[in-house]
Each structure stands twice: as C-alpha cells, then as structure tokens.
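I opened my notebook to look over one structure. Here is what I looked up, entry by entry.

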Amino acid sequence: MTRRLALVGLGPGDPELVTVEAARVLNEVDYFLVADKTASHPGTADLIAMREAICERHVAGEWTLVPVPDPERDRDDPGDYAGAVRDWHEARAQAFERALLEHPGDAAILVWGDPALYDSAIRLADRIVERGVVDVTVEVIPGLSSVQLLAARHRLVLNVIGGPITITTGRRLVDDAVDHDNLVVMLDGALACRDLPDPAAWHIWWGANLGSPGEQLVAGRLPEVAGDIWERRSAVQADQGWVMDTYLLRRV
Ligand SMILES: C[S@@+](CC[C@H](N)C(=O)[O-])C[C@H]1O[C@@H](n2cnc3c(N)ncnc32)[C@H](O)[C@@H]1O
C-alpha cells in the first residue's frame, strides 16, 4: 500500500511559528524522521531538541522521532564539488529509505524553515520515489522561512517598491553584489559581506538564531556594525553551540 511521506516545514525554531496545517499533518502521520548531523556537528543536537519541543507542543499524545544519521560529505575533492554533492544526496536517500523500510506507516520529514528554500528534503524525496524501493506519496507542507522572520523582526519590506530581491549564499555574495542592489544572504559561515569591495555603500539588517532564545538582531551601515555582528555571531555560537544567520544587504 502507498504510504504518505510529508515534508513538513516547521519554521525557524520557535514552536509559536508552526502553521496550523503543519501541526495537523504532524498529528496525522505515524512517526517523524529527522536528519541527524550530531556525529559530525555536535552543536546541532540543540536543533533536534528544538524539533522535539515543537512535537511536544503540537502533537497530541505519544510521538516517535527517528533520527537518520547524516552521511559525511566528501570534502577532500573541491575540484568535484558537484560530484561530492551528488554522492552525498544518494547516500542520504539510501539512509532515509532504510529508515522508511524499518518503520512502517506514514512518515513526516521535519524540515527546518520552509522546504522550498535551500533545503534538500524535496530532492531527497524525489530520489526516494525514483529509486522505487519504498512506495510513498510525497506532499510538501510549507513553513515560515528564516527570511520571513528576519523581515518581520526588523519590520522590513524585503523589496524596494517595485524592485527585485535576490536570495543568495555567502559563497556567491561578492559576485552577486556586482549587479544586484538588494540581496538576502543565507548559508554564510564567514560573514562574507565583510569582503565586499565597497562596504560603505551597503546597509545591513542581520539576524542570528531567529526564533530561539539566543536570537540576535543588528542593523546599520555595514562598516559601522560588521565588527559587532561578528562578535555577537561568535558569542551565540559559544553560548548555544550552533549559529545560523541571515541578512538583508541593500545598497544605500
Ligand atoms: C540549509 S538553510 C535552510 C533554510 C530554511 N529552509 C529556511 O527556510 O529558512 C540554512 C540557512 O538558513 C538560515 N537560517 C535557518 N534558520 C535560521 C534562524 N533560526 N535564524 C537565522 N537564520 C537561519 C541561515 O542562513 C542558515 O545558514
């Protein structure tokens, strides 16, 4: 019989930010799957604990969370980044497939933020379907993304009137900033905005660990606040064991 595999966006951490639809689906399935990166990144145990707090808050009665150990990505070959990512996706699909085979019934994969934004759960589920080893119907339940929470916390409209907004990564920022004036930056462990050639030309609205007790917010002209942001980023990492930050950069 075809089983249900729901990819449920849980929002960026705060149980208050879980949608009514996500809470309903969590109550309909038999168990939850979550990628477990604690072997390689011990600080991420807190991220699993936050998902558990969400289940505790929104699921009636007993619930089961099945951690799926995340395979290591081969980082030794920077020349074949695409190949390393492909192999990692395949190993992940097999790991989730094994968990689905071991645990009968309908499942939900707990996704951080929204599954449509810099998340591999949809590709993972597509690959599981393609492999054809387990018979599942995939559904996607949207969640609030960290970008939306950043905008709300700073009382920001992400676009200037009638203008575009570019969402990019720390790795691409310096190149993308050449011909974009209004960018959201994610996945930036190095605060790449400090490498922009013209820092005085930018205003930044930054947020770290949004929706968690350690939440940090800073806004201002980039050269004036970059040092403060880096210090707070390091302090949050030390205090909470993990840090995730997102920021909007706009050319002044
Ligand atoms: C793998 S992506 C996942 C994004 C997620 N799907 C979303 O919708 O927000 C991880 C990146 O999202 C951002 N992020 C996720 N949660 C965050 C949070 N609570 N506070 C600030 N940024 C966050 C950071 O840029 C982080 O590097």
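How many helices and strands does the chain have? I found 7 helices and 10 strands. Helices (H or I, at least four residues) and strands (E, at least two) are DSSP runs, numbered from the N terminus. The radius of gyration, taken over C-alpha atoms, is 19 Å.

I noted where the model comes from. It is predicted: local features need pLDDT of at least 70, side-chain atom pairs count only at pLDDT 80 or more, and totals for chains, interfaces and linings use all residues. Residues are numbered from 1 along each chain as its sequence is written, and side-chain values use heavy atoms, with hydrogens and water left out.

Next I checked the domains, whose bounds come from an automatic or database domain assignment. Domain 1 covers 3–141 and domain 2 covers 146–251. Their C-alpha centres lie 26 Å apart. I saw that 12 residues of domain 1 are in contact (heavy atoms within 4.5 Å) with 16 residues of domain 2.

Then I looked up burial. Of the 252 residues, 47% count as buried. Buried means under 20% relative accessible area, exposed over 50%, partly exposed in between (1.4 Å probe, protein chains only).

Last, I turned to Tyr118. Tyr118 sits in the loop between strand S4 (107–111) and helix H4 (121–131). Tyr118 counts as partly exposed because its relative accessibility is 41%.

Notes:
Rg over C-alpha atoms; globule rule 2.2 N^0.38 Å.
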